[in-house]
Amino acid sequence: MPADDEHTHDADDGQLSSVLRRLEEAFGSGDRTVVGDAIEQGRRTLGTVSGDQRGTLCNYLAYALRYRFGLAGAAADLDDAVVMGRKALDTSPVGHPARAMYLSNLGDTLRVRFELQGTPADLDEAIRVGREAIDLTATGNPDRADYQTNLVGALQRRFEWSGAPEDLDEAIRVGREAVDAAAGNPESATILTNLGGVLQARFARLGRRADLDKALALGRKVLSASDAGHPNRALYESNLAGALQRRFDRTGALPDLNEAVQLYRHAADTPAIQALDRAIFSSNLGSALRIRFDRTRVRADLDNAVDAGREAVDASPIGHPNRAMYLSNLGNSLGTRFEAAGAADDLDEAAEVGRKAVEASPVGYPDRAMYLSNLGSTLRIRFDRMGVLADLDEAVAVGRKAVDASAIERPDRAVYLANLGDALTSRFEQSGLPHDLDQAINAFQEAVDTAGAAPSTRIRAARTAGRLVAQADPARAARLFEGAVRLLPEVAARSLERADQQYALGGFAGLAADAAALALQNPDTAEGDRPESALQLLEAGRGVLLSQALHVRSDLSDLAMRDKDLADRFGELRDLLDHDRNLDDAGYAAPDRHQLAGEFENLLGRIRELDGFASFALPPTRDELLAAAAHGPIVAVNISEYRCDALLLSADGVTGLRLRDLSAELVTEKALAFHRASAAAQQGTTLLERYTARAQLNQILEWLWDAAAGPVLDKLNHEAAATGSTGSRIWWMPGGLLSLLPIHAAGHHSDPAGPAARTVIDRVVSSYTPTIAALRHARRVPDVATTAVSRALIVMMPTTPGRDDRLDLLSEETRKLATRLPESVTLVEPDPAALAATPSDTVPTKANVLAQLPACTIAHFACHGASDPADPSQSQLLLHDHRTDRFTVAALAPIRLEHAQLAYLSACETALTVDTRLIDEAIHLSSAFQLAGYPHVIATLWAVNHRFSVRIADEFYDALTTATEPGTPIDASGAAEALHRAIRKVRNKFPEPAFWAAHLHAGA
């Protein structure tokens, strides 16, 4: 260090200039030797200068020492940098032109030292000198924005350390002033980045979505303005990644998380970054990879998360303020890997590093609550594995500490409460102590009431609490479940792409059914009102994605007459949101769905402010629900672990029927057995196997009559019409796994056919609808008599590229259909040998089909169908180009057909959702055609017998066209009755349900 001031003497200006120039050249060199030599020369020169020269040199040395700390990580350099910064300040009395600069630089150095050593006094001093620097600098001075930025960094760090909201508010105010002051400044990137950081921090504390949106916008702006070699680019990448990860945590949008991983990885791999910066980038990368593993189950992500977490911990010295975060992130990854692979060593290490994380975070540090909660979760998991009660007791203890340490307004507090509730519930199951149960319920209730928390967290908490109180307090359970159902649309926000929406909803399968069941036994509701409440919950919680789409597919003609600009923009935004980049061509450049969704919601608000449009694009009202039953009763069958019921909607209201012979377990057993038997009935290798399977199908359909369909029809007091008549109409809304069973075919088919038969098919004409909103949508389609076109599209695939199973009877079906539907366009798959000579526009490709559909009122598909067990939106009809451009449920999502009337899907499994997590969403080809505009859809529940499919199709069109006057368009409004007659005719000749029961009518 230089000698004391009284022993200094002046150096000439040339010598000082040479030293300063050498120090400047050392900055950014990345060479510790070069920097070290420049610092030593500066130290030697320091003893030869005084006054302003001394202040300038001390300031340069402070900066150089801080720079070398970044290269080597030696704490002594930071201490010396603080000393030099204070010496520089000592040379600049109030009014000195350089004093503000020295103050701000010292403040930033003190903040950096806090990052290493965690001494709160450094932060306090950094903020004090930072404020003084700004006060000394006139508005309009170009340096003022830099000083403000340094103060923002210190304020944000103190907020993160102490949780004082006034620090955060001041940081945002000063940060915005800095942005305004730095407009056009080439150094404004750092200023924008710091403001984005504090906005993220406020979002984390208060959950204000606008803060996060602004932080994301700032992050993208900064990154796009920095080239690949910019020294701060890694920091900008990491900050943007943090905002994207926060948005994923809130919304579940996987593209956000994928982008965050990519940015974190690139930041961590940047060669020139400092060791401590690399540590934080690696830890953040590990956290993002672990979260992505939870979503995608790609094991490599989890192993890489553990490796990145270890790198971060190894790079952070004991006492580093970020070390606790790195330890906790590593513990989370290890705990997750244990749950995935079962290695006890991972679990023990997770508990060990989790405890170290808590020990490394002082009492009062805001993130200590998170570290405590993470440790509690790990200990509870270890209890589940090892059964050591001490782990469970500790999990409860640290869980309580986590809740106590968390500010009430923090959205993350809901997670800590839910984790505590899980631990208390586990202990109650061990001890039976009512006190533990009461506290668990209260913890979950608090989580539910945390308005800023992620909707998925609140739903899980409500569902768990509801289950815990269902027996002792059914009214409270009913309220909890109802609240959870009302939140479901928020987890499937329009801003999410389809796959993310499906994933989010898949975690809450059966929620609506349980809510409806509990509503039926809610003592706080009058008994006569309970069925209607239950039906409204089913309408809100089933088919969430379908209803979301239906609500915005309103006829816009009335709106266009009132405000054409609003109507046009509504249509544009709706179409853009319907276009899913995950499900389309790889080259599609998707707009920002979050921005589009925000504009769309604002637009809906503006439309609803217009007179007469208050209910625009909203779920049906009570009166609209009742009006839906004007053409016949609608029967919603609800299957829940609590109870099973039929809710019967008529024009007079809703009544309930308890189905005591049904249970969730029994329906599951019968549905699985039915589909196994239906496959064996047609594909069994021996006659005995096929005969046995057909007998089992009959037994299950008899049970379905006795337990559900028979009691419902008796309640409705339907009487069968004479043989051959159409009978009365009924619409079925089966829920859960019951939707896998053909309730329209339920009955004792060994009975003689006729009005007294114990069969649905002899009593009523059955149709299906996933929701009442879907039925109302089907009935809004213009009647065929008013349409300008009356043509049919016939798509036939006697052979399918890539498959050996031919459908040889389709040539006969094509001939018959052409006779029945004279105004038709036919696309037939040619024999492979004739493909080259076939006109391209007659081949049944996806593009050709989509081109023809708008001009046709009827679409008939005879081909193979495939239900995708992993993603129902990828279920498809196999056309000519099914291997390269699939005709899927998702492909139909953006389609809107004005004149569509009937879609006949003569293919396998076109009304089937295999993924039981999404079974209430009715994501299959039948609903996709309904959404596209077809009020009538003929579809199938399982793999069908081709010979009987051809026969049923012929009988169907015979019945449909016989009722049509010659020379007039075919009236598809009789589709349900036509299918009913066709199936009864086949059933009367071939009683085995395996041959005909798969076919059903959906829609109006």
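**Exercise 1.** Determine whether Cys58 is buried or exposed.

*Solution.* Cys58 has a relative accessible area of 0%. Buried means under 20% relative accessible area, exposed over 50%, and partly exposed in between (1.4 Å probe, protein chains only). Cys58 is therefore buried.

The model is predicted: local features need pLDDT of at least 70, side-chain atom pairs count only at pLDDT 80 or more, and totals for chains, interfaces and linings use all residues. Residues are numbered from 1 along each chain as its sequence is written, and side-chain values use heavy atoms, without hydrogens and water.

**Exercise 2.** Identify which ring lies under the charged end of Arg295, and which under that of Arg779.

*Solution.* The criterion requires NZ of Lys or CZ of Arg within 6 Å of the ring centre and within 35 degrees of the ring normal. For Arg295 the ring is that of Tyr503, with the centre 3.9 Å away. For Arg779 the ring is that of Trp731, at 4.7 Å from the centre.

**Exercise 3.** State the mean pLDDT of the protein.

*Solution.* pLDDT is the predictor's confidence in each residue, from 0 to 100. The mean is 88, and 94% of residues reach 70 or more.
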